[in-house]
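Here's a quick tour of how two protein chains sit against each other. Have a look at the structure first, then read on.

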Amino acid sequence: MNDMNISRPFDLLNNAIGKPVLLKLKGNKQFRGKLQAFDQHMNVVLEEVDELEDGKKIETIGKALIRGDTIIYIAP
Amino acid sequence: MNDMNISRPFDLLNNAIGKPVLLKLKGNKQFRGKLQAFDQHMNVVLEEVDELEDGKKIETIGKALIRGDTIIYIAP
Amino acid sequence: MNDMNISRPFDLLNNAIGKPVLLKLKGNKQFRGKLQAFDQHMNVVLEEVDELEDGKKIETIGKALIRGDTIIYIAP
Amino acid sequence: MNDMNISRPFDLLNNAIGKPVLLKLKGNKQFRGKLQAFDQHMNVVLEEVDELEDGKKIETIGKALIRGDTIIYIAP
Amino acid sequence: MNDMNISRPFDLLNNAIGKPVLLKLKGNKQFRGKLQAFDQHMNVVLEEVDELEDGKKIETIGKALIRGDTIIYIAP
Amino acid sequence: MNDMNISRPFDLLNNAIGKPVLLKLKGNKQFRGKLQAFDQHMNVVLEEVDELEDGKKIETIGKALIRGDTIIYIAP
Amino acid sequence: MNDMNISRPFDLLNNAIGKPVLLKLKGNKQFRGKLQAFDQHMNVVLEEVDELEDGKKIETIGKALIRGDTIIYIAP
């Protein structure tokens, strides 16, 4: 799917499956990883995840389910 | 559509599709970008996004899905 | 409509359409502007908006959609 | 209605229509005014309102719609 | 009703109608008063209320409707 | 019921009825008491309750209804 | 089930039943334990739990029901 075809916000997530994304969370937390799954609450599963706090990597995680309600934005 | 035709708040978003908008979020965060999509939760997709914190640009993002529940206001 | 006719809280908003209102938000933020539209979530569109923080004007905005869940009160 | 007749919490609000009430809000904010209207979300309209912060009057407002979700208590 | 008969949490409130209760709220606020009414959101009406902050009485109120969502616990 | 039989989280609460539990709440608050009742919102009634703050006992309560939305965890 | 088969976020939890997981919560709290059960609110039951705060173990718990709404992420 060409990413010009975004008419609903979650199309961005559909287009990003299998690709690297950046997540910014409330409280200066960030995650970088490959998007594996998401649901209508914006809960997401990332693979090969770097967890950053105030810009510094604090943890490397194989896979994580991140709750949607802590997310500020997701960028492909 | 003439923007005098706003009778419901989300008409403002309909009128702003494809145009630059300013988003202010809780926690002194701002985003400037072109509005590509939105839904009934006020989740939005912006393109060519500048992320600002306390007025200073901290990140440039090609495209981002921003959660509606972190938004204070959207201005076209 | 005479504003003595308020029997439900949102009648105040109906009466204020097209008129100047003051909005106080959580976090010492205020907006002054003309009320153009509102919905059942108290999301509002203001025109010719002054944004104030701790009583000082920090931004002038032509038009803004302000989320209802950040509002403390609306005064006509 | 005799105020001994309160069997549901919102009966207190029904009994207080047209009478002075005190509202305490999250964040040391208080409002004193005459209760004009309320709804099931505890959104209220007050008339002839004094807005107080930490016990000091900071604003006098003719009429205000105050969101229910910021309220701690309402006392007639 | 014997208070051994509590099989659902709100039975505690049913048993406490007309009796003194202690309410602890978020933000070190407490209320002591006689429970007059409650609803399924845990909104309560207290009579002859002492409002305490950090353990010190700051206000005496004849009657108050207290929102359920600010409550930590209610003790008969 | 053998506590290996937990297939849904609330089975833990069913198994703990009549037994001592530890509750940790947001804001460094803890409660220790005997679990008497709970509902689907995780509202619980405890008996013979010790209330602790930062690990120190600050109150002893005969019985308390504690709101589910302030709870971090419940341990039998 | 092979963990490549994650098409919905909660599949990650299904795959992790009976296995060790790491939970990060709001407020620098972490839990490590074996996942025994979960529900659609992301409420989880862990066994043989270490509770950590700012990276230091502060409590060892046999079993705990942890509320979903305090979770930032769950990693198998």
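This is a predicted model: local features need pLDDT of at least 70, side-chain atom pairs count only at pLDDT 80 or more; totals for chains, interfaces and linings use all residues.

Residues are numbered from 1 along each chain as its sequence is written, chains are lettered from A and ligands numbered from 1 in the order in which they are written, and side-chain values use heavy atoms, with hydrogens and water left out.

**Contact and area**
- On chain A, 23 residues are in contact with 22 residues of chain B (heavy atoms within 4.5 Å).
- The two chains bury about 1,700 Å² between them, with 63% of it on carbon and sulfur atoms (accessible area, 1.4 Å probe, lost on being put together and summed over both).
- In chain A, the residues losing the most area to chain B are A:P9, A:I72 and A:Y73, together 35% of what that side buries.

**Salt bridges**
- The rule finds 2 salt bridges across the interface (a side-chain nitrogen of Lys or Arg within 4 Å of a carboxyl oxygen of Asp or Glu).
- A:K24 and B:E51 meet through their side chains in a salt bridge, at 3.1 Å, N to O.

**Strands at the interface**
- β5(A) joins strand β4 (residues 56-66) of chain B through 2 bridges, and they run antiparallel (strands are DSSP runs of E, at least two residues, numbered from the N terminus; two of them pair if DSSP finds at least two bridges between them).
- Opposite A:I74 stands B:L65 in β4(B).

How values were computed
Helices (H or I, at least four residues) and strands (E, at least two) are DSSP runs, numbered from the N terminus.
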